[in-house]
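Please open the model in your viewer and keep the selection box at hand. We will go from the whole chain to single residues, one stop at a time.

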Amino acid sequence: MNFKFNFIYKKGSTVFHTSSCENNDFSVEAEIKNNKIELTVKPKNQIEFVKFEMLMPYRFNSAHRVFVNGFQSWTVSREYSPNEAMNEFKPRVLGLEKRKFNPLGIWGAGDLTFHKYPEKAGIIYGYSYGYIRNKNHLFFLGSLSEAAGYTIITFHSAADCISIEKELEGVTFCKDKKVLSLAILEGGFDCVFDRYFEMMQIEKPRVKRQCGYTTWYNYYTGVTEKIVKRDLDAISKLGVKINIFQIDDGYERTVGDWLEPDKRKFPSGMKAVADSIHQKNMLAGLWLAPFAVTPKSHIYQKHKDWLVRDKKGKTHFASHNWGGFYALDIYNNEVRSYIKKVFDTVLNDWGYDMVKLDFLYACSIIPIHGKSRGEIMCDAMEFLRECCKDKIILGCGVPLAPAFGKVDFCRIGADVGLCWEEKSFSREDVSTQHTLMNTIFRRQLDGRAFLNDPDVFLLRDNNIKMPLQKRNIIALVNSLCGNLLFVSDDVSTYTENQKKIFMDTITRSKAIINSAEFVKDKIIRIDYTLDGKRSCLVFNLATGEQLG
C-alpha cells in the first residue's frame with residue numbers, strides 16, 4: 001500500500017516540516033504484516049511532534065458510506081455520505097471561534113480545544129476506528145492501542161485520501177517508542193469487527209443483558225431518599241425481574257465529596273439505601289464522577305495541589321457542568337489513595353454492586369507529566385478497573401477505545417432529552433436525536449468491547465415533552481441495539497399500555513441487526529431478525545415519525 005507521511009516537529013524552539021521517514025533528528029520505522037501497520041519513532045535528538053500523520057490513497061464514490069467514531073461517549077457518531085458536511089455543530093458563535101471562546105471549559109467535554117473541526121463538506125473525522133462501507137463490504141481502519149496517543153482518522157473524499165494522525169501533544173521523544181499500531185481490514189460487517197477485537201485480544205464481556213432504573217432523567221439533582229424508596233417499591237411490584245436500581249447525581253454533598261452524602265436529602269445514609277435495594281432482590285448502583293471536583297467541594301478547598309495543572313502551574317477547568325469543575329491528577333499518589341478509599345467505601349462498606357463512572361474524559365483534558373491525552377486516558381481506565389476489582393462498571397463520558405475491555409457496560413450516546421427536538425450547543429450536548437444515531441451506528445461495539453448502554457427510554461406522561469409514539473421508538477431502538485435498558489419513571493403511574501411497552505422492551509430478545517442506514521435524508525431504516533423473524537423499523541430522525 002502506498003503511504004505518505006507528514007511530520008511537523010520541534011527541536012528546541014525550532015519547528016521543522018518534513019515528509020521523510022529518515023532525517024538528522026529521527027527515523028520512523030514501518031512494519032506491515034498480517035493486516036497491521038506499526039510505526040516506531042527512533043529519535044536521534046530530543047524532539048516533540050506537532051503533527052504526526054500518515055496518508056493513504058482511497059478512491060471514494062457516491063455509493064460509499066463513511067462511519068466515524070466520535071471523541072467520547074456523548075459525541076455524535078454515525079455514517080455519512082462521502083461529500084457530506086459534519087453539520088451537527090457550527091464552528092462559530094457570535095463571530096467567535098468556539099475553540100477560543102471557552103469560558104469555564106464549555107468545550108472541555110469534546111475535542112475542540114486540541115483538534116480543528118472541519119468546516120468543509122467531504123472532510124469527515126473521528127477517533128480510534130472508522131470504516132468505508134460499500135453495501136455490505138467494509139474497508140476498515142482501527143487503532144489497536146491508544147496508549148501512545150489518540151488516533152484521529154480523517155476521510156478526505158475530495159482529495160481521495162485517508163489521514164491517520166496521532167495526537168501527541170505534550171510528549172517528548174528521547175528514546176524509541178511505538179507510536180501507531182493500526183489494523184487495516186476488509187470484509188463483511190461482523191467479520192471485520194470480530195477480527196478487530198480478536199487482534200486487540202479484548203475478552204468478551206462477562207455480563208449479560210440487564211434492565212433497571214436510574215434516578216437521573218426524572219429528578220436530576222433533586223433526588224431524595226423518599227423518592228428512591230417510592231420508585232423502588234413501585235418497580236419491585238411489576239412482577240418481572242429488574243436487575244439494577246441505580247442512584248445518580250444528587251445524593252452527594254457536592255461533586256467531589258463522594259463520601260459525604262447530603263444529609264438533608266439522604267438522612268439514612270447511602271449504605272441504608274443500598275440495603276433497601278438489596279432487600280428488593282436488585283443490584284445497587286451508584287453514580288460518581290471520580291476525577292471531578294467543584295470549587296465547593298472539601299477536596300478542592302483542602303487539596304488544590306491534587307488538581308490537573310498546565311505547564312505554567314495554572315489549574316485547568318475541565319468543563320462547565322455544576323458551574324465549572326476541575327479534574328484530579330491521577331498520577332498524584334495522594335489522589336490515587338483517596339480514589340481507592342472512595343471505591344473501597346462505596347463498594348465494600350456501603351455495599352454497592354455497580355458504579356456508574358461519569359465525566360471520565362476530565363482526567364485527560366490536557367497533556368501532563370510528559371504523557372499524551374490518550375496515554376493518560378488509558379492509564380486512568382486501568383486504574384479504575386484496579387480500584388473496582390470485580391464489581392460492575394458502567395462507563396460514561398469516556399473516550400471509548402481506552403474503555404474497551406475495562407468496563408462492563410458503556411454509554412455510547414449523548415443524554416436523552418425530555419423532548420425529541422434539541423438545539424445542541426456542542427456535539428456532546430443532551431440530544432435525543434444524537435443518542436439514537438449513536439445507538440444505531442455504534443452497535444458494533446456491543447458484546448465485543450463491552451455491553452452498550454444506549455441511555456434511558458422514558459414512558460411516563462409527566463415531566464416529558466414528546467408523545468408516547470416517539471417514546472416508543474426510543475424504547476424499541478434501545479432494545480434492538482443495546483443491552484442495558486434503564487428507565488427513570490415512577491412506574492406506579494403507568495397506564496396498562498405503558499406497562500405493556502415497558503414489559504415488551506425489557507423482555508424482548510436481543511435482535512440480530514442485518515443492516516442499519518440512512519436510506520434518505522433523515523430517514524433511518526433498521527432491518528433486523530428477532531426470534532427468527534425478519535422485521536424492519538423505519539423512522540424520520542428529524543420528526544420522530546415512524547414510517548414502517
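The tour below begins with the whole protein and then moves to a sheet and some single residues.

**Before you start**

This is a predicted model, in which local features need pLDDT of at least 70, side-chain atom pairs count only at pLDDT 80 or more, and totals for chains, interfaces and linings use all residues. Residues are numbered from 1 along each chain as its sequence is written, and side-chain values use heavy atoms, with hydrogens and water left out.

**Stop 1: the whole protein**

Select everything and switch to a cartoon. Along the principal axes, the C-alpha atoms fill a box of roughly 70 × 60 × 45 Å.

Now colour by accessibility. Of the 548 residues, 60% count as buried (buried is under 20% relative accessible area, exposed over 50%, partly exposed in between, with a 1.4 Å probe and protein chains only). The protein exposes about 22,000 Å², and carbon and sulfur atoms supply 48% of that area; the areas come from the Shrake-Rupley method with a 1.4 Å probe, and for residues only the protein chains shown count as cover.

Contacts mean heavy atoms within 4.5 Å. Among contacts with a separation of 6 or more, 68% are between residues 24 or more positions apart.

**Stop 2**

Select 292-293, 317-319 and 325-327. Which strands are at the edges here? The open sheet has the order S20-S22-S21, with antiparallel pairing, and strands S20 (292-293) and S21 (317-319) are the edge strands, each pairing on one side only. Two strands pair if DSSP finds at least two bridges between them; S21 and S22 (residues 325-327) are joined by 2 bridges and run antiparallel. Zoom in on Ser-319 to see that Phe-325 of S22 stands opposite.

**Stop 3: Arg-373**

Select Arg-373, which lies in helix H7 (residues 373-388). Is Arg-373 buried or exposed? Arg-373 counts as buried, at 3% relative accessibility. Leaving aside neighbours within four places in sequence, Arg-373 is in contact with Phe-114, Tyr-150, Glu-167, Glu-169, Ser-364, Ile-365, Ile-366 and Pro-367.

**Stop 4: Ser-27**

Next, pick Ser-27 in strand S3 (residues 26-33). Ser-27 is buried, with a relative accessible area of 12%. Not counting residues up to four places away in sequence, Ser-27 touches Cys-21, Glu-22, Thr-40, Val-41, Lys-42 and Lys-44.

**Stop 5: two positive phi values**

Select Ser-128, in the loop between strand S10 (123-127) and strand S11 (129-134). Its phi is near 75°, a positive value in a residue other than glycine, and Ser-128 counts as buried at 4% relative accessibility.

Finish at Asn-281, in the loop between helix H4 (270-279) and strand S19 (283-288). Asn-281 is not a glycine, although its phi is positive at about 65°. At 56% relative accessibility, Asn-281 counts as exposed.

Key: Helices (H or I, at least four residues) and strands (E, at least two) are DSSP runs, numbered from the N terminus.
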